[in-house]
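Biologist: I would like to learn how to read a surface patch and the fold around it. Please take the general idea first, then the case.

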Amino acid sequence: SITTVTIRPVQFHSLAISAFASLIAPFGGFFASGVKRAFNIKDFGNSIPGHGGVTDRFDCQFIMAAFSHTYYASFIKLSTVTVGGVFGAFLKLNPERQLELYNSIHEYLQSSGSVAAAAEM
């Protein structure tokens, strides 16, 4: 008897993309057909005789490309934060906000013991 099933991230992502490809992407063809009917066009081109043109061959692919890019950018791509990027954002703040952020970081570092408290005068 199987009590647990282990799914690796690549398997989960493959499942999500394949579910979209089989359930939603075919509607790209329906949408293209609707556009052709609305404009009374037989097909989108004569590039491939008897096949309705290149666009008719790839109407589902356009939706899949948009979905794949969005999925990758949202769930798979690792975002990287660099010290230079944070410092660049800091420099874009107005001087009052810079001072507020500096004081907040300084207080945090003092409370965590990373920076010794300044001697009081």
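Modeller: Start with the nonpolar surface patch of about 480 Å², which Ile-2, Val-5, Ile-7 and Phe-12 make. This is a predicted model: local features need pLDDT of at least 70, side-chain atom pairs count only at pLDDT 80 or more, and totals for chains, interfaces and linings use all residues. Residues are numbered from 1 along each chain as its sequence is written, and side-chain values use heavy atoms, without hydrogens and water.

Biologist: Is Ile-7 buried or exposed?

Modeller: Buried means under 20% relative accessible area, exposed over 50%, and partly exposed in between. Ile-7 has 56%, so Ile-7 is exposed. Ile-7 lies in the segment before α1 (9-23). Of the 121 residues of the chain, 14% are buried.

Biologist: How many helices and strands does the chain have?

Modeller: Helices (H or I, at least four residues) and strands (E, at least two) are DSSP runs, numbered from the N terminus. The chain has six helices and zero strands.

Biologist: What follows α6?

Modeller: Gly-113 follows α6, with a positive phi near 85 degrees.

Terms used. Patches are made of residues with over 30% relative accessible area and no salt bridge: like charges are joined within 9 Å, nonpolar side chains (Val, Leu, Ile, Met, Phe, Trp, Tyr) within 5 Å. Accessible areas come from the Shrake-Rupley method with a 1.4 Å probe; for residues, only the protein chains shown count as cover. A salt bridge is a side-chain nitrogen of Lys or Arg within 4 Å of a carboxyl oxygen of Asp or Glu. Buried means under 20% relative accessible area, exposed over 50%, partly exposed in between (1.4 Å probe, protein chains only).
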